[in-house]
Amino acid sequence: QVQLVETGGGLVQPGGSLRLSCAASGRIFSINNMGWYRQAPGKERELVATITSRGNTNYADSVKERFIISRDNAKTTVSLQMNSLKPEDTAVYYCNAIGFLVGGKSYDSWGQGTQITVSS
């Protein structure tokens with residue numbers, strides 16, 4: 001299986017910035033897509049941003065122009081730079097990775113989640 005470990009959560013004031021990172025490990029043959037999702041209290045989990053192995057990105061309308069997703073050269077780590085944070089960005093943020101294991105089995109793995117709280 002694939003393990004995803006997220007770092008970088010915390011408390012930030014409105015207008016501030018935070019950077020999340022997620023490192024993947026395991027018997028990985030390929031990571032086709034990596035991304036970030038979030039879930040606020042009482043709401044369903046929603047897409048924040050995704051990035052393919054070729055670097056194509058997709059963002060939720062609510063975070064466009066504020067958040068930037070990126071992957072490292074080895075393509076096993078994904079980061080999310082969050083700028084101009086708003087109280088409505090408060091949520092648990094989850095890392096996701098989709099691809100194939102050594103041996104050919106597909107996977108769709110999730111991290112444990114990290115809390116982001118935007119408050120003054």
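Here is our chat about its links, one question at a time.

Modeller: Quick note: this is a predicted model, where local features need pLDDT of at least 70 and side-chain atom pairs count only at pLDDT 80 or more, while totals for chains, interfaces and linings use all residues. Residues are numbered from 1 along each chain as its sequence is written, and side-chain values use heavy atoms, leaving out hydrogens and water.

Biologist: How many residues apart are Cys22 and Cys95?

Modeller: Strands (E) are DSSP runs of at least two residues, numbered from the N terminus. Cys22 is in strand E3 (residues 18–26) and Cys95 in strand E9 (residues 91–101). So the pair links distant parts of the chain, and the answer is 73 residues.

Biologist: Is Asp89 buried or exposed?

Modeller: Buried means under 20% relative accessible area, exposed over 50%, and partly exposed in between (1.4 Å probe, protein chains only). Asp89 has a relative accessible area of 1%, so Asp89 is buried.

Biologist: Which residues are linked with Asp89 in a network of salt bridges?

Modeller: A salt bridge is a side-chain nitrogen of Lys or Arg within 4 Å of a carboxyl oxygen of Asp or Glu. Asp89 pairs with Arg38 at 3.0 Å and with Arg66 at 2.8 Å. The network links Asp89 with Arg38, Glu46 and Arg66.

Technical notes. Helices (H or I, at least four residues) and strands (E, at least two) are DSSP runs, numbered from the N terminus.
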